Amino acid sequence: MKQAEKLITCILHRGTAIDMQAKLKEEFDIERACSHHARGVGKSAPLARRGMGEQTEKDILNVVVTEDEAETVFLFLYHEAGIDRPHGGIIYMQQLG
Amino acid sequence: MSQHEITVLTDVALITCIVQRGVADDVVRAAQEAGAEGATVYFGKGSGIRERLGILGVAVDVEKEVINIVVATDQVDRVFENMHQAGKLDTPGMGFIYITPLEKAATYIPPSILAKLQQAET
C-alpha cells in the first residue's frame, strides 16, 4: 500500500533554495525537491512603502516527503533555511492525494 | 539541527490564482485590501481555453502570472471574492482561482505578538 505523501513548500530569499536542495539530499537522501524563482510582494517586507509593499526576488522550494519524515523535514527546513529569523520567509505543508 | 520549539499556524489556506500576464498586481492589491499580508507571484504558460475559443482566443494571452497567497481560514472567503472580482475571473479566458487547505504553516513571529497570543490563550 502506497504511503501517504505531503508537499512542503518554502518561500525563501533568492539564492537559498539550491543550497537547501543539497542539504536535503545530504541529510535525508531526498531527491524529490524542485525550486523556481518568484516575486514576493508584502507590506511586512523590510523597506515596505505605501501601496502594495516592497517587491523582492524569492526562491520557491517544493519537496515531496513521506508522512513519516514530514515533521522532521519541516523542522529542518524551518531552521536551516532561516525561516525562524525576521523576514526569513514562510514554510507550509499540505497533504497530497 | 536545532530542536527549538516553533509556533505553527493551523487554520490556514493557500489561494492560488492564475491570471493573464500584467494583471497580477491588481489582483494582489485587491487581496491586500481584503486583509492579505503579501503574495508570491511567478510566471507560467497556459493552455486550454485559448484553443477552444477559436478566433476570440487571440484575446487570451498565453503568458500567465500565478499568484499564491497564504491566508487564515476566517479571511479566506473575503480575500477569494476580492481577487475573483479584481481579476474578472467570471469572464472566459481571464483566469482561474482555487483554494487549497494547508495542514500547517510556520514563519517568524515577533516576540511581542507571540506574547499576545500566549496571553490570549491563558
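**Note on chain B and the aromatic pairs**

1. Chain B holds four helices and five strands, where helices (H or I, at least four residues) and strands (E, at least two) are DSSP runs numbered from the N terminus. Read from the N terminus, the order of elements in chain B is β-α-β-α-β-α-β-β-α. With a radius of gyration of 18 Å, well over the 14 Å that the globule rule gives for 122 residues, chain B is more spread out than a compact globule; the radius is taken over C-alpha atoms, and the rule is 2.2 Å times the number of residues to the power 0.38.

2. This is a predicted model, in which local features need pLDDT of at least 70 and side-chain atom pairs count only at pLDDT 80 or more, while totals for chains, interfaces and linings use all residues. Side-chain values use heavy atoms, without hydrogens and water.

3. Of the 122 residues of chain B, 36% count as buried, that is, under 20% relative accessible area with a 1.4 Å probe and protein chains only, whereas exposed means over 50% and partly exposed lies in between.

4. Over all chains, a search of the whole structure finds two aromatic pairs, meaning Phe, Tyr or Trp rings (for Trp the six-membered one) with centres within 6.5 Å, called stacked under 30 degrees between planes, edge-to-face over 60 and tilted for the rest. Phe28(A) and Phe76(A) form an edge-to-face pair, 5.1 Å centre to centre with 85 degrees between the planes. This pair links distant parts of the chain, 48 residues apart, with Phe28(A) in helix H1 (residues 17–28) and Phe76(A) in helix H2 (residues 67–80) of chain A.

Key: Residues numbered from 1 in each chain as written. Chains lettered and ligands numbered in written order.
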